[in-house]
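Let's go through some labels that get attached to a model like this and ask what stands behind each one.

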Amino acid sequence: MGMDRQIEQQIRRSQMNGSMDHLEGAGKPIPRRSGTNFAKSAQMSVVNGAGGSIQGELTLRREISKLEHQLKSSTRTDAQRDIRKTLMDKRLELSVYEEARRK
């Protein structure tokens with residue numbers, strides 16, 4: 001499954017769950033983030049490829065699970081926003097691992 005399709009599916013799931021209702025900045029362009037940490041980790045995952053980085057992928061899956069648990073237990077909206085940003089970066093990084101494994 002291509003990355004574009006995965007992103008579309010995630011957006012649809014979020015819309016159905018109602019987690020995209022009443023978002024700050026609705027209807028406005030999404031602000032650019034620097035993404036330097038994500039860019040470095042994504043680059044390393046592509047360089048490592050499928051065979052050399054299974055442990056990294058497993059570690060990343062554990063981190064995602066931990067972040068999802070933190071998001072569910074968090075009650076502060078600013079903390080939830082920060083966790084969501086980190087979780088999104090980790091999920092994108094995981095998709096890079098998965099895509100590299102398929103090639």
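Q: How do you know how helix H1 and helix H4 pack?
A: From their axes, which are lines fitted to C-alpha atoms over the stretch in contact, with angles running from 0 to 180 degrees between N-to-C directions. For H1 (residues 3-17) and H4 (residues 77-102) that gives an angle of about 145°, with the axes 11 Å apart. This is a predicted model, so local features need pLDDT of at least 70 and side-chain atom pairs count only at pLDDT 80 or more, while totals for chains, interfaces and linings use all residues. Residues are numbered from 1 along each chain as its sequence is written, and side-chain values use heavy atoms, with hydrogens and water left out.

Q: Which residues make the contact of H1 with H4?
A: Contact means heavy atoms within 4.5 Å. By that rule Met 3, Gln 6 and Gln 10 in H1 meet Arg 91, Leu 92, Ser 95, Glu 98 and Arg 102 in H4. By class, that's two nonpolar, three polar and three charged residues. Here nonpolar covers Ala, Val, Leu, Ile, Met, Phe, Trp, Tyr, Cys and Pro, charged covers Asp, Glu, Lys and Arg, and the others, Gly among them, are polar.

Q: Why is Leu 58 called partly exposed?
A: Buried means under 20% relative accessible area, exposed means over 50%, and partly exposed is in between (1.4 Å probe, protein chains only). Leu 58 counts as partly exposed because its relative accessibility is 38%. This residue lies in helix H3. Leu 58 and Leu 94 are 36 residues apart in sequence, yet 9.4 Å apart in space, C-alpha to C-alpha.

Q: What makes up the largest nonpolar core?
A: A nonpolar core is a set of buried Ala, Val, Leu, Ile, Met, Phe, Trp, Tyr and Cys residues joined through side-chain atoms within 4.5 Å. Seven residues form the largest one: Leu 60, Ile 64, Leu 67, Ile 83, Leu 87, Leu 94 and Tyr 97.

Q: How many helices and strands are in the protein chain?
A: Helices (H or I, at least four residues) and strands (E, at least two) are DSSP runs, numbered from the N terminus. The protein chain has four helices and zero strands.
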